[in-house]
Amino acid sequence: MLISRRHALLGTATSFAIIGRARADDVVRVGGIAPITGPAAEAGRFLQNGVALALEAINAKGGVLGKKMEFVVEDDQTTNPGAVLAFSRLVSRGDCVAYTGSIRSTQVNAIAPDVLKAAKPVMFGGTDPSLTQAGNPWLFRCRPNDSFSARVIADFGFNTLKKTKWVIVHSTDAFGNGGMKALVSSLDAYGIKPVLVQGYTNQQTDFTPVVLAVKQAEPDVVSSYFTFENDLGIFARQLRQLGVTVPWVGSPSIINTTALNLAGRALFGTYGIADYTPDASPEAKAYAETYLARFKAQPDNQSTWVYDALMLLAKAMNDAKSTEPEAIRKAIVAIKGYKGTEGTYNFDEKGDGLRGYNVVRNENGKIVFDKRVEFTS
Amino acid sequence: MAIFLQLLFTGLGIGAIYALVALGFVLLIRAASVVNFAQGQFAMVGAYMLVVCFNVLELPYLVSMALSVVLMGLFGVIFAFVTYWPLRHRGGLPVIISTIGASIFLENIVLVLYGPSPAVLPGLFDSPGFQVGPVFMDSQYLSILVSVALLVALQYFIFEKTLLGKKLQATSQDKEMASLLGIPVAGMILFTFAYSAMLGGLAGMLVAPVLFVSVGMGGLIALKAFAANIIGGYGSIPGAILGGLALGVAETLGAGYISVPYKDAFAFAMLLMFLMVRPQGLFGEKISEKA
């Protein structure tokens, strides 16, 4: 298994090597894990697009401490063991000053003990709130966590859509469970107890039992935390087929490029909570234009978080005038008011940088910006 | 009752896919004593062939499907020459390892050639389905059920009523004796590989509109199909079909009435139960007799 996956990896790794080929001491190297194979392989490609744009932007402005920034990628195979293996390969290289982790909370969870041992900053995109609350000083989140997404979903569904009979459909992995718990407690603040909380395991072939349970609960709004776009696509199609037409407010995966392609019409009219959407800020818009011109596709959060992660790392190292782990860590925590593609970063001691989400609508396949909701804590 | 019928219909639809892949497994076990761990990847390759014929070359749907099935037959022969032929005299295990290797190779070569973006295929029919009383009949699940029924009938006809079928049966029962009777054993085995690849590929094409086409789609189905194989009886053709259907229905009903997160557990609990209580499966011979 290892050999053929490594071959698949080699091509990608070479392309990065070409971008930043230079003598070892002339570069500042950041290592990252990415799903190059496995169910999230497409997301892995988007991530690498984000990396390419970030490196260009950073190196065009003089790089880091006068050196070029370089990125080395290892395949996490979209699995937890794969993520652990990929991360340990990066660490054992010994020449990376910092790392980027995964957008999948469960994989960040898996590598967290090794992150503690490596004792170098790791930027990640997973949104399970507990990831930054376990006292690991090296984890920095480049997306808002799900305590905020849940508050925005609850606020939008209750105050804007005026809905009170809630169903929550969630993946049973770390991300899905974390989101579900946050949403249950956010709804509790409005005095609402969901009529159904339905978990499912990732990578299903069929969602009929889930859809029938939703239908029986007779909700007036469906909310969801889906990890994989394939699952979301199958669920969406079967939900519509079996006649559930109530409003649906989903976590960010509902407006991902892949999900929109797969589910098509079945997602028309749904609402999404998006950490990234092009119309949210001038920075987000500029990124979308560059990405579209370069890759002939709309960007989504799979590439924006890692773009921000590398920009933040470059800024922290330039601010600190050092690539020492502790100096970078302090410089990241000190970042306030940095405008990235995902929003304005104000890092706290725990490692959370963002506290806002956008509400968007899917209007016949086009994602329309509705509003941005920011929290102070 | 309405819910039961809906779950039953879906369970049969998914079960039919397991059955189709399991059938491919069984044929190879019988003809060549090969447990082919790349059977799920046959489904994936078949689905990608349909994607290339229909989405890229823009041939009509049925033509694309027929062409893909024929190509899968050819693919099966190449597969046999690469993974089975050089190792055929070295016992079962080397061939099994070789098919595992092939399954990983196939996933990665498709990833390199096609890229990681999952593809969407339309169903056989434009309409998503229709309502019969309380049950929504998904047109693709119906197509799957009808196709499986037709294939089983065809297979019965070939194996029981034609000379080719008799030769295939003779080969699977006793290769030496078949060879003495002038049956081209090697040809029969290659034919079985081709047929098995066509079945696997067809399963992938039929399930593609439901599951989408991605590199990992085969693995999902193959594990269940293998379980179906054991439940139905190792090496039994009617067993593979009934095992597949039973597994699909059991996991769907279990998910519907007991717990969705434990859906896969129902399938494998059923497998464990069979291994403990009736290890020969529904239709199988006793394993001890086989040894």
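**Close-ups of a predicted model**

**View 1. Helix 5 of chain A lies across a seven-stranded sheet.** Helix 5 (residues 146–160) of chain A lies across strand 6 (166–171), strand 8 (221–225), strand 9, strand 10, strand 13 (356–363) and strand 14 of chain A, running at about 50° to strand 13 of chain A. Contact here means heavy atoms within 4.5 Å. Angles run from 0 to 180 degrees between N-to-C directions, with axes being lines fitted to C-alpha atoms, for helices over the stretch in contact. Helices (H or I, at least four residues) and strands (E, at least two) are DSSP runs, numbered from the N terminus. This is a predicted model, where local features need pLDDT of at least 70, side-chain atom pairs count only at pLDDT 80 or more, and totals for chains, interfaces and linings use all residues. Residues are numbered from 1 along each chain as its sequence is written, chains are lettered from A and ligands numbered from 1 in the order in which they are written, and side-chain values use heavy atoms, with hydrogens and water left out.

**View 2. The seven-stranded sheet of chain A is open.** Follow the order 7-6-8-9-10-13-14, with mixed pairing; two strands pair if DSSP finds at least two bridges between them. Strand 7 (196–200) and strand 14 (366–374) of chain A have a single partner strand each, so one side of each is left without a neighbour in the sheet. Look for G250(A), which stands opposite G272(A) in strand 10 of chain A. Helix 8 (residues 229–241) of chain A lies across strand 6, strand 7 and strand 9, at about 175° to strand 9 of chain A.

**View 3. Another open sheet of chain A has five strands.** Its order is 2-1-3-4-5, and the pairing is parallel. At the edges sit strand 2 (68–75) and strand 5 (139–141) of chain A, each pairing on one side only. Eight bridges join strand 1 (residues 27–34) of chain A to strand 2 of chain A, and A34(A) stands opposite D75(A).

**View 4. Domain 1 and domain 2 of chain A meet.** An automatic or database domain assignment sets the bounds: domain 1 is 2–144 + 281–346, and domain 2 is 146–274 + 358–374. Here 21 residues of domain 1 of chain A are in contact with 15 residues of domain 2 of chain A.

**View 5. Two helices of chain B pack together.** Helix 1 (residues 2–32) and helix 9 (residues 217–232) of chain B pack at about 65°, with axes 8 Å apart. Among the residues making the contact are F25(B) of helix 1 and F226(B) of helix 9 of chain B.
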